[in-house]
Amino acid sequence: MAADKSVREKICDYLKSKMPAARDLELSDWVHSPGGWSHEIHIFYGNWHENGRPMRQGFCLRKDPGAGLLRELSSLKEQFDVLKALEPAPVPTPKPYWYEEDPSLLGGPFFVMEKVEGEVPNPWSRAGKQAYAAAAKRGKLPKSFVEALASLHNLDWRAAGLDFLGVPGPGRDFPLREIAKWEHLIKESARKPEPVLTELLMWLKANAPEAQRLAFVHGAYRTGNLIIHDDAIAAIIDWELQVIGDPMYDVAYVLSDLNREGSPLLSSLVERELFIDYYQQLTGLTIDFEVCRYYEVLYMMRTTAFWLSASGLFADGRNKDLRLARTTYSVPVVLDMAAKALGF
Amino acid sequence: MAAVVLEFVARQVDERSDITDDKQAALHALFHDLLRLPEAKIIAVPDEETEAALCELIERMYQNREVMGQEAFMAVNRRVRRALRQLLDQELKVAGKAED
């Protein structure tokens with residue numbers, strides 16, 4: 001009869017097996033978040049009794065749907081291992097609980113982590129933009145934004161055991177590895193020749209800069225991937241693109257126009273001067289703006305790879321999320337941004 | 001449902017013959033110019049005037065960058081980029097973002 005059970009019942013049974021001391025466990029306040037393009041996200045509360053006392057805890061479950069945006073480049077196991085490695089580190093992250101590979105449980109790999117209390121205003125929505133603009137005026141959240149990023153870049157990633165992510169060699173190896181990763185996704189996804197993208201890829205390979213230092217890099221550090229509570233970053237989330245690499249890769253993402261849709265504030269939240277000064281102060285690094293401009297172009301290539309992958313998955317019938325279909329129109333728009341950045 | 005939407009969209013794109021024609025004209029002009037550009041001799045301009053052939057040409061251009069020398073590379077790259085701009089402008093018409 002297990003096959004007939006609803007997802008909620010299956011998850012409840014699973015938690016009961018993992019929490020033997022929990023009596024009368026029930027799950028409530030379910031939200032099936034539409035946010036994830038790579039994974040299904042279920043958020044809920046567990047309510048139970050333990051040693052005669054009532055208990056309540058929020059959980060977040062991420063499940064591999066089998067045909068997510070990043071295809072095989074996104075690994076739930078890696079995300080779980082990253083969160084485990086970060087657990088004792090001074091980096092705001094959700095506490096990871098359990099990872100399961102067995103598809104017989106929920107139909108695919110999944111992991112369960114703490115639901116961190118707070119909000120994630122959507123930076124692309126009007127309400128979200130207003131929320132971030134108001135927080136910018138209050139002044140506490142922008143500083144917290146920079147502090148959380150600095151906590152990543154100041155982390156001793158070898159001591160934290162994060163070298164399983166792969167350590168680039170010296171010189172230009174980091175950007176070349178990133179290009180190779182996204183070029184692979186493009187080759188898997190593209191349904192027609194893309195000469196503008198070919199020019200972009202070849203330019204990126206020919207002009208790859210040397211990384212001055214390696215750090216633990218989130219890969220998509222922006223509002224929307226940060227849980228906010230009491231005007232502070234309560235947790236950095238969306239651990240799908242992290243790498244050991246050039247910290248300027250994250251800095252470029254923050255500086256990028258890609259993440260602020262016309263707002264004068266970086267990530268719709270932080271004054272540019274504040275970000276630059278405070279980041280340099282906290283990390284001791286000097287921002288290399290030329291390198292950042294290069295990485296900004298690399299992000300345009302990466303975004304193109306995402307949209308090609310998304311529209312390809314929809315076209316192949318492997319993913320029925322209609323948001324993926326419209327991304328086919330975003331490809332030339334991002335390529336236009338890249339072409340303009342390269343001067344044509 | 002998804003397949004129906006996609007087929008509709010694909011048909012819309014397919015039926016924009018003006019775009020196909022303008023892209024073909026841009027490719028024809030590019031390959032025609034490159035055949036006459038002395039700096040482009042080393043990268044073997046293909047007979048086929050397609051976007052796939054252009055992708056291969058761009059790859060060869062960068063692979064032969066050092067042999068060509070900076071000046072020759074820049075001359076060929078400039079002409080290629082002009083064609084890429086024209087192709088992109090056509091794609092942007094489909095995306096509804098063309099700067100007319």
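Is helix α5(A) mostly covered or mostly uncovered, and how many of its 14 residues are buried? The helix is mostly covered: eleven of the 14 residues of α5(A) are buried. This is a predicted model. Chain A has twelve helices and nine strands. Chain A also touches chain B, with 19 residues of chain A in contact with 21 residues of chain B.

**Overall form of chain A**

- The C-alpha atoms of chain A fill a box of roughly 65 × 45 × 40 Å along the principal axes.
- Take the contacts in chain A with a separation of 6 or more: 69% of them join residues 24 or more positions apart.

- The domain assignment gives chain A two parts: domain 1 (2–114) and domain 2 (140–222 + 237–341).
- The contact between them takes 18 residues from domain 1 of chain A and 21 residues from domain 2 of chain A.
- On the domain 1 side, 13 of the touching residues are nonpolar, three are polar and two are charged.
- The centres of the two domains of chain A, taken over C-alpha atoms, are 27 Å apart.

**The largest nonpolar core**

- The largest nonpolar core has 114 residues.
- Within this core, A:Leu204, A:Ala252, A:Tyr295 and A:Met301 touch the most other members.
- Helix α10 (residues 289–315) of chain A supplies the largest share of this core, 17 residues.
- Both domain 1 and domain 2 of chain A give residues to this core, so the core lies between them.
- In soluble globular proteins, nonpolar side chains tend to be buried together.
- A:Ala252 touches A:Cys292, A:Tyr295, A:Glu296 and A:Tyr299, leaving out residues up to four places away in sequence.

**Helix α5 of chain A**

- Helix α5(A) covers residues 140–153.
- From its first C-alpha to its last, α5(A) reaches 20 Å, close to the 20 Å expected at 1.5 Å a residue.
- Among the buried residues of α5(A) are A:Leu141, A:Phe145, A:Val146, A:Leu149 and A:Leu152.
- The buried set of α5(A) also includes A:Ser144, A:Ser151 and A:His153.
- These buried residues pack against helices α4 (126–138), α8 (247–255) and α9 (272–283) of chain A, among other elements.
- The strands they pack against are β6 (215–217), β7 (226–229) and β8 (232–236) of chain A.

**Helix α2 of chain A**

- Helix α2 of chain A spans residues 76–86.
- Its buried residues are A:Leu76, A:Gln79, A:Phe80, A:Val82, A:Leu83, A:Ala85 and A:Leu86.
- An α-helix has 3.6 residues a turn, so residues three or four places apart point the same way.
- The buried residues of α2(A) pack against strands β3 (53–63), β4 (96–100) and β5 (110–114) of chain A.

**Where chain B meets chain A**

- Three helices of chain B, α1 (2–14), α3 (51–63) and α5 (70–95), each supply at least two residues of the side that touches chain A.
- The largest share of that side, eight residues, comes from α5(B).
- By class, the side of chain B that touches chain A has 14 nonpolar residues, seven charged residues and no polar ones.
- On chain A, A:Met202 lies in helix α7 (residues 195–206).
- A:Met202 is in contact with B:Ile58, B:Glu59 and B:Tyr62, leaving aside its neighbours within four places in sequence.
- A:Met202 counts as buried because 20 C-beta neighbours lie inside 10 Å.
- The C-alpha atoms of A:Met202 and A:Ile179 are separated by 9.7 Å, and these residues are 23 apart along the chain.

**Two residues with positive phi**

- A:Glu261 is not a glycine, yet it has a positive phi of about 40°.
- A:Glu261 is found in the loop between α8 and α9 of chain A.
- A:Glu261 counts as exposed because it has 10 C-beta neighbours inside 10 Å.
- B:Ala44 also has a positive phi, near 50°, in a residue other than glycine.
- B:Ala44 is found in the loop between α2 (17–36) and α3 of chain B.
- With 11 C-beta neighbours inside 10 Å, B:Ala44 counts as exposed.

How values were computed. Residues numbered from 1 in each chain as written. Chains lettered and ligands numbered in written order. Predicted model: local features only at pLDDT ≥ 70, side-chain atom pairs only at ≥ 80, totals over all residues. Buried ≥ 20, exposed ≤ 12 C-beta atoms within 10 Å, placed from the backbone. Helix = DSSP H or I, 4+ residues; strand = E, 2+ residues; numbered from the N terminus. Contact = placed C-beta atoms within 7 Å. Domains from an automatic or database assignment. Nonpolar A, V, L, I, M, F, W, Y, C, P; charged D, E, K, R; others polar. Expected span 1.5 Å × (residues − 1). Core = buried A, V, L, I, M, F, W, Y, C linked by C-beta atoms within 7 Å.
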